[in-house]
Amino acid sequence: MLSKKTRYAMLALTHLAREIDKGPIQISEIARIENIPQRFLETILLEMKKIGILGSKLGKSGGYYLIKKPA
């Protein structure tokens, strides 16, 4: 059985992989589409950024993105 944190991380990574060509994706979009609490998702994505799975971009067109290609 997976924890909620792990399940949400997998949903977020899958969403980012599907949208790889769109550039950085905002947390609010991922949270809304995947039905994940936004504040919890912020913590999860920040952890994945710290370990080198995700990158981020600040600003109006900012958000999170996968560092490596999903394949």
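Predicted model: local features only at pLDDT ≥ 70, side-chain atom pairs only at ≥ 80, totals over all residues.
Student: How many residues does helix H3 have, and what distance does H3 reach from its first C-alpha to its last?

Tutor: Helix H3 covers residues 38-50. At 1.5 Å a residue, a reach of 18 Å is expected, and the model comes close to that value. The helix thus has 13 residues and a reach of 18 Å.

Student: Which residues of H3 are buried, and why do they lie on the same side of the helix?

Tutor: The buried residues of H3 are Leu41, Ile44, Leu45 and Met48. They lie on the same side of H3 because the arc they cover around the axis is only 95°. The face turned away from this buried side carries exposed Arg39 and Lys50.

Student: Which elements do the buried residues of H3 pack against?

Tutor: Leu41, Leu45 and Met48 are among the residues with the most contacts inside the largest nonpolar core, which has 16 residues. Nonpolar side chains tend to be buried together in soluble globular proteins. The packing partners of the buried H3 residues are helix H1, helix H2, strand S1 and strand S2.

Student: Is the aromatic pair of Tyr8 and Phe40 stacked or edge-to-face, and what is the angle between the planes?

Tutor: A search of the whole structure finds one aromatic pair. Tyr8 and Phe40 form this pair, with 5.6 Å centre to centre. Tyr8 lies in helix H1 and Phe40 in helix H3, so the pair ties together parts 32 residues apart in sequence. Planes over 60 degrees apart count as edge-to-face, and the pair is edge-to-face at 80°.

Methods. Residues numbered from 1 in each chain as written. Heavy atoms only, no water. Helix = DSSP H or I, 4+ residues; strand = E, 2+ residues; numbered from the N terminus. Expected span 1.5 Å × (residues − 1). Buried < 20%, exposed > 50% of the residue type's maximum accessible area, 1.4 Å probe, protein only. Arc of directions from axis to C-beta. Contact = heavy atoms within 4.5 Å. Core = buried A, V, L, I, M, F, W, Y, C linked by side-chain atoms within 4.5 Å. Phe/Tyr/Trp six-rings, centres within 6.5 Å; stacked < 30°, edge-to-face > 60°.
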